[in-house]
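Let's take a walk through this one together. Have the viewer open, and we'll go from a single side chain out to the whole chain and back again.

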Amino acid sequence: MRVSPADTNWLAECGRWISRHRALVALIAIIVFFGSSANGFLTLNNFANVLAQSSPIGLVALGMTFVILTGHIDLSVGAVVALAGVGFALLDSIGVPLLGSIAGAMAIGVICGMGSGVMTANCRLPSFIATLGMMSICRGGALMATGGRSVSDLSSAVTGVGSWTLIGLSMPAIALIFIYAVSAFLFPRLVWGRYVTAIGGNATVAYYSGVPVNRIVVSVFALCGLLSGLAGAALTSRLQSAHPLAGSLYELDAIAAVVIGGGRLSGGQGSITGTFLGVLIVASLRNGMSMLNVPSYPQQILIGCVLISSLLLDVLQERKND
Amino acid sequence: MSKSKSGKIFVGAFVVFIVAVVAFFAFRSGEKDKDQVALVVTTLSNPFFIDMKEGAEAESATQQLKLVVQAPDLASDVERQIAILENLIAQRIDVICLVPADSKAVIPAIAKAEKAGVRVINIDNRIDVEALKKAGVSAPPYIGSDNRQGGVQAGEYLAKLINEKGKVAILEGVSGVEAGILRKEGFLEAIAKYPQIEVVASQPADWSREKGLNVFQSIYQAHPDLAGLFACNDEMALGAIQALGANRSVKVVGFDATDDARKAVKEGRMDATVAQQPREMAILAIKRAAQWLGGEKPAVVESTPLQLVTE
C-alpha cells in the first residue's frame, strides 16, 4: 500500500508541532517517565513540593526572561536574592510588618537592578561585566550586613507565610503562578513589551525607530531586580532564615530555564510561558531524579546535558529554516 | 550525511544517553519489601560524612534495611537539603536519619515529616529545640557527640600549648549550625579561665578547606603574632595549615579527626583534633531506626564519646 501525500503531511505536521512545542512535550515526557518509575511522584503533595521548590528560582527566571529578550544578561540575580533576603529578614527582626519587609526586599532588588541597568545602558558596559561586578557587590553586601551569619529570628508572620497553604499550595507557589499568569497576559499587550522584544531583535534599528532604548533597558534590569528581591523574600520565608550565601548559582538555573523554554541569548526571542515550562522542567527533573535516588553529582551532569540538548535542537531548527 | 542529519543523530544519542543513565539508577534496586531508611547529610565532599555513610551502609546491611544516602553538593546549600527532605517525605520513606545543614531552617520539613508519619532521627548537628517548641513540632531523637564538651577539650589543650597567653583566632563553620555554635561556646568557656589569652578573630569558613585557607590568610595577615587557632572542623583547620606552610609558630587545633587530620597531627603539621565517631554515630542511628520500626522509640538524647587526638 502506497503512503499517500496526505498521510506524510500529517506525520510531518506532527513532527513540526513537537519541535515547536519542545518544552511542553519534554515536560509531559518527564512527568510520564518519573510518574511510572518513581514512587510518590504523581501525587498532589509532590506537585506542591515542586512548585514550592521552584518559586524562588522561578521568579528570578521570569526577570531573566525580560533581560535576555533585550539581548543582555544578568549574572547578579543570585546575589540580589541573598541581599534582598537578608534585608527582608533584618527588617522583619526590627518589627517592620510583613508587607513592609517584602516591599523593602523588592526595593533592594530594584536599586541593584537599576545599578546594573544604568551601567549597561548609559555607561555602555557589557551586561556580562556590569552584572558580574554587581554580583560581587551584592554578595559582599549580604555577608557584611550579617557578619557571615544567618539571620533567623523571624516574626511569626513570616514563619506563618512559610507554612501556610491553600489547596496544598504554599504562598510562594501561589505567588509564582499568579505573577507568571499576569506577566504572560500583559506582556504582549503592552507597548513596553514590544519595545523589549524590538531591542533584542536589533537595538540600533529599534533606536532609530524611536524606541527609548536606554530607558527600556534600565527598566528591564530594574524589573529583574524587583523579581529577584521578591524571590529573596520567598526563599527566606521558605527556609525561615536568611543566609548571605543563598541563591548560589541561581543565575545559571535561570538562564537554563529561559533557554530551555525557547529563549535565545542573542535576544529578541523567548516567551514567558516558555520560561515557566523551563523552570518546571529543571525542577521536576531534579525532583524526579532525587526521588529515584540518583546521586547529586550525576544530577548536575544530567541537567547540563538537558540544557545542551535543548540548545542543539534549537540550533538545528534554525538551520533547517534557513 | 548532511549537517542537520548528523546533528539530529547526535541529539538523539544525547537523549538516549540521558534516559539510559536515569533508568539505570531508577531500576537498579527493586527490593520494595524491605523497609527504607534514608541518611541525609550536609555534603558528601567531607570525609567525616563519608565515614558516616560507610557506617550506615554496614549497619543497614546487618539490620536488613534498604539504605538511601543523599546530600547537597555544598554544606551551605540549605535549600537543596530541604528539597531532598521534601522529596523523601513524598516517597513515604520509613525513617530519615538527618544531619541538618541549618539547625532551624529544616524545621518546616520536620513538621511535614511528622504530619506524613515519617520518622526522623537527628544526628550530629542538633536541631534547635527552642525553635521546635515554638513551632509546635516534637523534637526528633538526637544522637551525637557532646560538641560543647569537645570545644572545652580543644580550648584547654590549645591554652596549654600556647603557655596560657597570646592571641588566638577561631574558624567557625556555616553559621546557624548548632554543632559549630556549641564547639565555639565550649572553646570560649575553656579559655575564659586564662585572662592572658585574647580572641582576636572569629570568622565563619563554612566547614570548607578552601574557605578555611582564604579566611585564615586574612586573619593571619592582620595578626602576624597569632599564637593559636581553633577550627571548628578539620577541613577548615587543614586549609589554615596550608596557608601557614612550613610556619609552625601558630598552634592549630581542629575537630572531627578525619583521616587527613590524623595524618597531619602525626606528621606534626597540626597540633590536635577532637575525635568524633561518625561511623559509630551512623551505626547507632541505623540500629535505633531499626528498633523504632520494630516499635521501640529511641531515647531523646544519646551521646557518642569524644576523644582528643594529639599524636
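Is A:Arg238 buried or exposed? At 11% relative accessibility, A:Arg238 counts as buried, where buried means under 20% relative accessible area, exposed means over 50%, and partly exposed is in between (1.4 Å probe, protein chains only).

Before going on, a word on ground rules. This is a predicted model, in which local features need pLDDT of at least 70 and side-chain atom pairs count only at pLDDT 80 or more, while totals for chains, interfaces and linings use all residues. Residues are numbered from 1 along each chain as its sequence is written, chains are lettered from A and ligands numbered from 1 in the order in which they are written, and side-chain values use heavy atoms, with hydrogens and water left out.

Back to that arginine. A:Arg238 pairs with B:Glu86 in a salt bridge, at 3.0 Å from N to O; the term stands for a side-chain nitrogen of Lys or Arg within 4 Å of a carboxyl oxygen of Asp or Glu. A:Arg238 sits in helix 11 (residues 213-239) of chain A and B:Glu86 in helix 3 (residues 78-90) of chain B, so this pair joins two chains. Helices here are DSSP runs (H or I, at least four residues), as are strands (E, at least two), and both are numbered from the N terminus. B:Glu86 counts as buried too, with 4% relative accessibility.

Now zoom out to chain A. Its fold has 14 helices and 2 strands. The radius of gyration of chain A is 21 Å, close to the 20 Å that the globule rule gives for 322 residues, so chain A is as compact as a globular protein of that length. That radius is taken over C-alpha atoms, and the rule is 2.2 Å times the number of residues to the power 0.38. Along its principal axes, the C-alpha trace of chain A spans about 80 × 55 × 35 Å.

What about the inside and outside? Buried residues make up 51% of the 322 residues in chain A. In chain A, 77% of the contacts with a separation of 6 or more are between residues 24 or more positions apart, a contact being heavy atoms within 4.5 Å. Chain A exposes about 14,100 Å², and carbon and sulfur atoms supply 70% of that area (Shrake-Rupley method, 1.4 Å probe; for residues, only the protein chains shown count as cover).

A:Ala105 is buried, at 0% relative accessibility. Leaving out residues up to four places away in sequence, A:Ala105 touches A:Ala84, A:Phe88, A:Gly229 and A:Ala233.

Next, more charge pairs. Over all chains, the salt bridges number 19. One of them brings together the side chains of A:Asp253 and A:Arg286, at 3.1 Å from N to O. A:Asp253 lies in helix 12 (residues 250-260) and A:Arg286 in helix 13 (residues 272-291) of chain A, so the pair ties together parts 33 residues apart in sequence. A:Arg286 is buried, at 14% relative accessibility.

Chain B has a pair of its own: B:Asp256 and B:Arg183 form a salt bridge, with the closest N and O atoms 3.9 Å apart. This one links distant parts of the chain, with B:Asp256 in strand 9 (residues 251-256) and B:Arg183 in helix 7 (residues 178-191) of chain B, 73 residues apart. Both ends are buried: B:Asp256 has a relative accessible area of 5%, and B:Arg183 has 2%. Salt bridges that share partners also join A:Arg238, B:Glu86 and B:Lys112 into one network.

Finally, the backbone. Most residues other than glycine have a negative phi. A:Arg124 has a positive phi of about 60 degrees although it is not a glycine. A:Arg124 is in the loop between helix 5 and helix 6 (127-146) of chain A, and is exposed at 63% relative accessibility. B:Asn163, also not a glycine, has a positive phi of about 55 degrees. B:Asn163 lies in the loop between helix 6 (147-161) and strand 6 (166-172) of chain B, and counts as exposed at 59% relative accessibility.
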